[in-house]
Amino acid sequence: MLLEKITSLQNSRVKRLVQLQSRSSERLHAGVFVVEGVRELERCSAAGLEIEEVYFCPNILPELPTLACNNIYEVTLPVYDKIAYRGGTEGVVGVVRTRYLDLTDLEMGGNPLIVVLESVEKPGNLGAVLRSADAASATAVIVCDPLTDLYNPNLVRSSTGAIFSVPCVACSSEECIAFLKQHGVTILTAQLQDSHLYYDTPMTGPTAIVMGTEATGLTEVWRHAADAHIRIPMQGTVDSLNVSVSAAILLYEAVRQRHTH
């Protein structure tokens, strides 16, 4: 239902959207986050999340796709440029009710494949890892001691909607380790020290691939909890890969092993 046309940059809804885009504390307090783009909103809707409001600009998007939302606002091009995180390229922005998961919400039946990230700080990296996790049909992504908001606009954008399709849980490292051990999941930590090549390490059973930050790697709590340490061979002059690249390599090795056994 089209409620009104917004033309003023000083409109209270415009100001609220800008705050939701830029402030993690505002998103947390309101219990909502912002999603930009047709594809992302469609994936959000397909995942069963509640879209509270939709703002679209007919100058960019002449026809609004069918979305499960009753509060629709038309905005002018200057207003859209103000509320859009990446400028006037998509034509639609939605405000979505946040859905946080805990470890007990994860479906661990079958043969789980889990990505664990410790203290990831760049939203774009986490978004890219979620995208790879979706492509590899991973069970979940668990973020331990996170330094970024799971619903940061850059994370939502870089995940291309995978934040809605892949269960993503934030918890402490200790909680995650206890959970994985309770469910009989083999913990493989990606690290250079005292490690084996990743393709020589079995990943056919329940597996968690654990990675830390590029700057400091994993903390000792994970090194001690690991069942095995794995590494990706580095044959050039640099000694590490972007965490999202590493995640994709290791996830697809698990997929390869599972498909050939």
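Visitor: How many cavities of 30 Å³ or more does a search of the whole structure find?

Guide: This is a predicted model, in which local features need pLDDT of at least 70 and side-chain atom pairs count only at pLDDT 80 or more, while totals for chains, interfaces and linings use all residues. Residues are numbered from 1 along each chain as its sequence is written, and side-chain values use heavy atoms, without hydrogens or water. With a cavity taken as a set of points, on a 1 Å grid over the protein atoms alone, where a 1.4 Å probe fits but cannot get out, the number found is one.

Visitor: Which elements each supply at least two residues of the lining of the largest cavity?

Guide: The largest cavity holds about 60 Å³ of space, a volume being that filled by probe spheres set on grid points joined across faces, edges and corners. Its lining (residues with an atom within 4 Å of a point) consists of Gln21, Val34, Val35, Glu36, Tyr85, Pro153, Val156 and Arg157, which divide into five nonpolar, one polar and two charged. Among DSSP runs (helices H or I of at least four residues, strands E of at least two), those asked for are β2 (32-36) and α6 (153-158).

Visitor: How are α5 and α10 oriented to each other?

Guide: Helix α5 (residues 123-135) and helix α10 (residues 243-260) have axes 8 Å apart, and Ala128 and Val129 are among the α5 residues that meet α10, contact meaning heavy atoms within 4.5 Å. By class, this contact has nine nonpolar, three polar and no charged residues. The packing angle is about 15 degrees, and angles under 35 degrees count as roughly parallel, so the two helices are roughly parallel.

Technical notes
1 Å grid on protein atoms, 1.4 Å probe; cavity = no way out; pocket = protein on both sides within 12 Å on 5 of 7 lines; lining within 4 Å. Nonpolar A, V, L, I, M, F, W, Y, C, P; charged D, E, K, R; others polar. Axes fitted to C-alpha atoms, helices over the stretch in contact; angles between N-to-C directions. Parallel < 35°, antiparallel > 145°, perpendicular 65-115°, else oblique.
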